[in-house]
Structures are given as structure tokens and as C-alpha cells.
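Please read the following briefing beside the sequence and the structure, and look up each residue in the model as you come to it.

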Amino acid sequence: MMKSIFFGIIALMFAAVVMHQEQASAQLTDSDTASTTDQWNYMNRSCTAKLHDQINKEFDAALFYMQYAAYFAQYQVNLPGFEKFFFNAASEEREHGIKLVEYALMRGQKPIDASTFNLNFGKLQRPEPTDGSVALTALQAALSKEQEVTKSIRELIKTCEEDHNDYHLVDYLTGEFLDEQHEGQRDLAGKLAMLRKMLNTNPHLGEFLFDKQNM
């Protein structure tokens, strides 16, 4: 009789332990999963959101430059120097986007999906000439785009450094991206200045000569 009671108590205790484990498993939420991930590599949500925004901006810039490259490649326009320049610019921005995707995955973040990745496939209208030159319009647009991307990178750095002390990402962005951004802006500013001079000297052939000699 005592033996039966003893085994009955053991059975009840075992059942209680099993029920507790099942309840704990049922209560596991997404935040609990995230906290487990955070144990090996924490990244704040607002910092992650800004990083996803920057990934979008890099690929948007790639599309922007690709559209200009295709414009200059048309037989009616036929400026191969500008075509090559903008195709190269598109490739660089695409590479930047891929680097940021790889960084996010290295930091244990979820892959980009429809909720965080939304490219702007807006149609590029035929550029209106500036001082009689479509090429001048294109270079001005490219410089504005680079300034926009640089500003976004700075905002990403500010969010991740000042609010969340994510110095690893800040160091990566500063060394890997900002140098190239500033060099690119300087190059575009120089090209703009040179093209303006050539257009002033020879309004009819300045654009053609610049395409051959400076692009």
C-alpha cells in the first residue's frame, strides 16, 4: 500500500514538471527569442531600422544611376563616357548595398524582406538641359544624390553611436563608406566645374569633348 502511494506521488511530481516545461515553452515569444540572440551579438532595433533604411538608399541610388547610364547609352544621345561613368556608379552603389546586407547578417539580424526593403522604381523623366547641357544636369543630379546618401549615412552613425553605443557599426561605416562618399562628391564637384568651363569656352562642342576627355 505504501509502495503504491509512493509511486503515485512520484508520478504526480513528474507530471507537474512536464506541465511546467510545456507552459514555459508555450510562453516563449519573439522578444524572448531576440533576447537569446542578443546574448551573442546585440543590436538595437532603432539602429537596425536605420541600417535597413540605408540599404534601401544604396540600392535606390544604384537604380538612379543605372537609369542615367541607359539614357546616355541611347543612340540619339550617344555619350559613351557618361554611359560608362553612370554604369560604374550604379555598380558601386549596388556593392555598397550588398556590403550592408552582409554586415546585418553578420550581426545576427534577420534577412531583409518586403517590410524593410522597398525600392523606388520611379520612372526617370528625360533630363531637362541646364545651360543647354543634359550632361550638366546629370552631374548635378548625381552630386545631389551622393549628398543625400552621405547625409543618410551620417544619420545612421548618429543613431547607432549616440543612442546605443554601437561603435563597431560606426567604425565600419566611417572607414568603409564615408571616405568613399567624400571622395566621390569631390570628384563630381570637380567634373561639374570643368564641364561648365568647357561649355563656356565652346557651347557646341564642350559636352562632346568633356565626354571624350574627362569621363
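At 31% relative accessibility, Glu176 counts as partly exposed, a class that lies between buried (under 20% relative accessible area) and exposed (over 50%), judged with a 1.4 Å probe and protein chains only. The model is a predicted one, in which local features need pLDDT of at least 70 and side-chain atom pairs count only at pLDDT 80 or more, while totals for chains, interfaces and linings use all residues. Residues are numbered from 1 along each chain as its sequence is written, and side-chain values use heavy atoms, with hydrogens and water left out.

**Overall build**

- The protein has seven helices and zero strands, where helices (H or I, at least four residues) and strands (E, at least two) are DSSP runs numbered from the N terminus.
- Read along the sequence, the pattern is therefore written α-α-α-α-α-α-α.
- Of the 215 residues of the protein, 35% count as buried.
- For helix α4 (residues 80–106), the expected span is 1.5 Å times one less than its number of residues, which gives 39 Å for its 27 residues, and this agrees with the 39 Å between its end C-alpha atoms.

**Salt bridges between helices**

- The count comes to seven salt bridges, each being a side-chain nitrogen of Lys or Arg within 4 Å of a carboxyl oxygen of Asp or Glu.
- Glu176, with which this briefing began, forms a salt bridge with Lys99, and the closest N and O atoms of the two are 2.7 Å apart.
- This pair links distant parts of the chain, since Glu176 is in helix α6 and Lys99 is in helix α4, 77 residues apart.
- Lys99 is partly exposed, with a relative accessible area of 21%.
- Lys50 forms a salt bridge with Glu155, in which the closest N and O atoms are 3.6 Å apart.
- Here too distant parts of the chain are linked, with Lys50 in helix α3 (residues 45–73) and Glu155 in helix α5 (residues 134–163), 105 residues apart.
- Lys50 is partly exposed at a relative accessible area of 22%, and Glu155 also counts as partly exposed, at 35% relative accessibility.

- Asp187 and Lys191 both lie in helix α6, four residues apart, which is about one turn of the helix.
- An α-helix has 3.6 residues a turn, so residues three or four places apart point the same way.
- The side chains of Asp187 and Lys191 meet in a salt bridge, with 3.1 Å from N to O.
- Glu148 and Ala61 are 87 residues apart in sequence, and their C-alpha atoms are 9.5 Å apart in space.

**The negative surface patch**

- Glu92, Asp179, Glu180 and Glu183 form a negative surface patch, and a patch is made of residues with over 30% relative accessible area and no salt bridge, where like charges are joined within 9 Å and nonpolar side chains (Val, Leu, Ile, Met, Phe, Trp, Tyr) within 5 Å.
- In this scheme Lys and Arg count as positive and Asp and Glu as negative, while His and the chain ends are not counted.
- The place of a charge is taken as NZ of Lys, CZ of Arg, CG of Asp or CD of Glu, and accessible areas come from the Shrake-Rupley method with a 1.4 Å probe, with only the protein chains shown counting as cover for residues.
- Helix α6 (residues 167–201) gives the most to the patch, with three residues.
- Glu92 has its place in helix α4 and is partly exposed, with a relative accessible area of 40%.

**Single residues to look up**

- Gly184 is in helix α6 and is partly exposed at a relative accessible area of 22%.
- The C-alpha atoms of Gly184 and Leu143 are separated by 8.4 Å, although the two residues are 41 residues apart along the chain.
- Asn78 lies in the loop between α3 and α4, is exposed with a relative accessible area of 52%, and has a phi near 55°, a positive value in a residue other than glycine.
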